[in-house]
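Subject: Structure handover

Hello,

Here is the structure you will be working with.

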Amino acid sequence: MREPVQARVDLDAIRANVALLRERAGGAETMAMVKAEGYGHGLVEAARAALEGGAGWLGVARVAEALRLRAAGITVPVLVVMATRGEPFEEAVAAGVDLTAGSGWQARRLAEAAERAGRPARVHLKADTGMSRGGATMADWPATVEAALAAQAAGHLRVVGVMSHLACADEPGHPSIARQLAVFKEAVEYAEKAGVRPQVRHLSNSAATLTLPEARYDLVRPGIAIYGLTPVPQMGTFGLRPAMTLVAELAAVKRVPAGSGVSYGHTYVTERETTLGLVAAGYGDGVPRHGSSLLEVLAGGRRRRIAGRVCMDQFVIDLGDDTASPGEEVLLFGPGDHGEPTAQEWAQALGTISYEIVTRIGTRVPRVYSGARWQ
Ligand SMILES: *Cc1c(COP(=O)(O)O)cnc(C)c1O
């Protein structure tokens, strides 16, 4: 291992996860969400593997991400799900990137950018069906639809989609789910009556794709499940395979006496003479400092808890009387094949979600791919 830390990404796992999701989605098309660097796995690589797995659309949060996909030669529809004022919409329209409008003024803004770009903007109208995040509330929906239709009639805009997002799809049975589905149906019907002919209606994230067949419509938008992490931990793994394995080098090994304070603040003190191992990964790489004296890793085939505080570039584990050699690999998390924790296990211990674990893996950590089918 040349690098002190590596995030190994199994592209075959991403392909297989997308294929599994496609099967669960019935006849609906799949938009693979690859925002935030493909949830930390690598934007372009994750996108290519997802397309090879059968996705036909890609979703991102920023125009810059969409433009990078285009620059990589990816020609499938790419939707930017956020809409903030400073974004280079004209460039996005020129590159044939799909954009989101959640209000009348957003639709008009996109139409203006389209006029400058000299081609119609491809737009998805976003309804706020009860999450109270992005999108038009039902009070603002008629004005949003009307603005989009006016711009469409003027040739500046084409309504490609009608979409929404669920707040509690990861809590099956939550009463908000049925309410949001009912409001979405109403929003779609209103738009269609007004003359909108969307190619795709969509509102399913990973959790909905796996648990809510009635929410599929024409297209599903899974993110976390593509990377093999369960969106509904209380329901198990759904047969998904985690794509990322975080590996770090055991940088040093040494014998210390009982009573040795370990790392900043001496929050861990050895109870007896023992062997300490120094692992070359820290919060600068995305190992959460909240994981100090809490998270486990796999070293020498055994689970070991982080001993004391996680530092920026390193942390310590207590190896007891095990023998270990500098240069050995320590598995921080992965699919669990060798007994290492999963990102979900880390997330649970930390009181967060697996999304945050993989997305926060630092930019200095090289992503090393297996299963690439391109040069
Ligand atoms: C991120 C995102 C998704 C994917 O959510 P997951 O829970 O990761 O499946 C779907 N739709 C929108 C609008 C998103 O922003």
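**Strands, helices and domains**

Strand E8 (residues 200–204) and strand E9 (residues 219–220) run parallel and are paired over 2 bridges. Ser 204 has Val 220 of E9 as its bridge partner. Strands (E, at least two residues) and helices (H or I, at least four) are DSSP runs numbered from the N terminus, and two strands count as paired if DSSP finds at least two bridges between them. Strands of a sheet pair through backbone hydrogen bonds, in either the parallel or the antiparallel sense.

The model is predicted: local features need pLDDT of at least 70, side-chain atom pairs count only at pLDDT 80 or more, and totals for chains, interfaces and linings use all residues. Residues are numbered from 1 along each chain as its sequence is written, and side-chain values use heavy atoms, with hydrogens and water left out.

E8 and E9 belong to an open sheet of 8 strands with parallel pairing, in the order E4-E3-E2-E9-E8-E7-E6-E5. Its edge strands are E4 (78–80) and E5 (99–101), each of which pairs on one side only. Helix H4 (residues 63–71) lies across strand E3 (57–60), E4 and E5, and runs at about 165° to E4. Axes are lines fitted to C-alpha atoms, for helices over the stretch in contact, and angles run from 0 to 180 degrees between N-to-C directions.

How do helices H7 and H8 pack? Helix H7 (residues 141–153) and helix H8 (residues 175–194) meet at an angle of about 35°, with their axes 10 Å apart. On the H7 side the contact (heavy atoms within 4.5 Å) is made by Trp 141, Pro 142, Val 145 and Leu 149, and on the H8 side by Ala 187, Tyr 190, Ala 191 and Ala 194.

Strand E10 (residues 244–256) has several antiparallel partners. Strand E1 (residues 5–10) pairs with E10 over 5 bridges, and Ala 7 stands opposite Leu 246. Strand E17 (residues 329–333) pairs with E10 over 4 bridges, where Val 247 stands opposite Leu 331. Strand E13 (residues 274–279) is joined to E10 by 6 bridges, with Val 256 opposite Thr 274.

As for domains, the assignment gives domain 1 (10–226) and domain 2 (244–341); such bounds come from an automatic or database assignment. The C-alpha centres of domain 1 and domain 2 lie 42 Å apart.

Regards
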